[in-house]
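Work through the exercises below with the sequence and the model in view. Each task is followed by a solution in steps.

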Amino acid sequence: MIMANIRQLKKAIDSQVYEVIADCFTWTKVNPGKKSDEVEGIISDAVNFRNELMIRVNNPDPSADPKGVKAHYQLIGKDLASGIDSLFGRLSSVSTKKKK
């Protein structure tokens, strides 16, 4: 994922994390009372993930050369994609788990 600027990266982080959170809330509305603790854990992890990424975006290494800074932001973009994938995977596994 290549971002043209920091503002777009921040918007991508927010929109993708909020998409996960919205899907979690939708799941809880469709399935009231079922595995709500697990879904709340996913929401909490999503918020923490967003906060960690924002801290990384706002605090690049000041001593790094321009190529190092660019690599820093590219790594954040890759981490965003893999983290969102992981969160959606967890939500998917909650919805497909069978009750014991």
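Buried means under 20% relative accessible area, exposed over 50%, and partly exposed in between (1.4 Å probe, protein chains only). The model is predicted: local features need pLDDT of at least 70, side-chain atom pairs count only at pLDDT 80 or more, and totals for chains, interfaces and linings use all residues. Residues are numbered from 1 along each chain as its sequence is written, and side-chain values use heavy atoms, with hydrogens and water left out.

**Exercise 1. How α3 lies against α2 and α1**

Task: Find how the axis of α3 runs relative to the axes of α2 and α1.

Solution. Two packed helices are described by the angle between their axes and the distance between the axes. Axes are lines fitted to C-alpha atoms, for helices over the stretch in contact, and angles run from 0 to 180 degrees between N-to-C directions. Angles under 35 degrees count as roughly parallel, over 145 as roughly antiparallel, 65 to 115 as roughly perpendicular and the rest as oblique.

Step 1. The axes of α2 (residues 36-58) and α3 (residues 66-96) come within 11 Å and cross at roughly 180°. These two helices, α2 and α3, are therefore roughly antiparallel.

Step 2. By class, the contact of α2 with α3 has 14 nonpolar, three polar and five charged residues. Here Ala, Val, Leu, Ile, Met, Phe, Trp, Tyr, Cys and Pro count as nonpolar, Asp, Glu, Lys and Arg as charged, and the others, Gly among them, as polar.

Step 3. The axes of α1 and α3 come within 11 Å and cross at roughly 5°. Helices α1 and α3 are therefore roughly parallel.

Step 4. The contact of α1 with α3 has 16 nonpolar, three polar and two charged residues.

**Exercise 2. Buried residues**

Task: List the buried residues of α2 and α3, and say what they pack against or are covered by.

Solution. Contact means heavy atoms within 4.5 Å.

Step 1. In α2 the buried residues are Val39, Ile42, Ile43, Ala46, Phe49, Arg50, Leu53, Met54 and Val57. They pack against α1 and α3.

Step 2. In α3 the buried residues are Tyr73, Ile76, Gly77, Leu80, Gly83, Ile84, Leu87, Leu91 and Val94. Their cover includes α1 (6-30) and α2.

**Exercise 3. Salt bridges**

Task: How many salt bridges does the structure hold, and which helices does each pair join?

Solution. A salt bridge is a side-chain nitrogen of Lys or Arg within 4 Å of a carboxyl oxygen of Asp or Glu. The structure holds three.

Step 1. Asp14 and Arg50 meet at 2.7 Å, N to O. Asp14 is in α1 and Arg50 in α2, so this pair ties together parts 36 residues apart in sequence.

Step 2. Asp45 pairs with Arg90, with the closest N and O atoms 2.6 Å apart. Asp45 is in α2 and Arg90 in α3, so parts 45 residues apart in sequence are tied together. Asp45 is partly exposed at 33%, and Arg90 is partly exposed at 31%.

Step 3. Arg56 pairs with Asp79, with the closest N and O atoms 2.8 Å apart. Arg56 in α2 and Asp79 in α3 are 23 residues apart. Arg56 is partly exposed at 27%, and Asp79 is partly exposed at 25%.

Step 4. Leaving aside neighbours within four places in sequence, Arg56 is in contact with His72, Leu75, Ile76 and Asp79.

**Exercise 4. A backbone angle**

Solution. Most residues other than glycine have a negative phi.

Step 1. Lys35 is not a glycine, yet has a positive phi of about 50°.

Step 2. Lys35 lies in the loop between α1 and α2. At 22% relative accessibility, Lys35 is partly exposed.

Terms used:
Helices (H or I, at least four residues) and strands (E, at least two) are DSSP runs, numbered from the N terminus.
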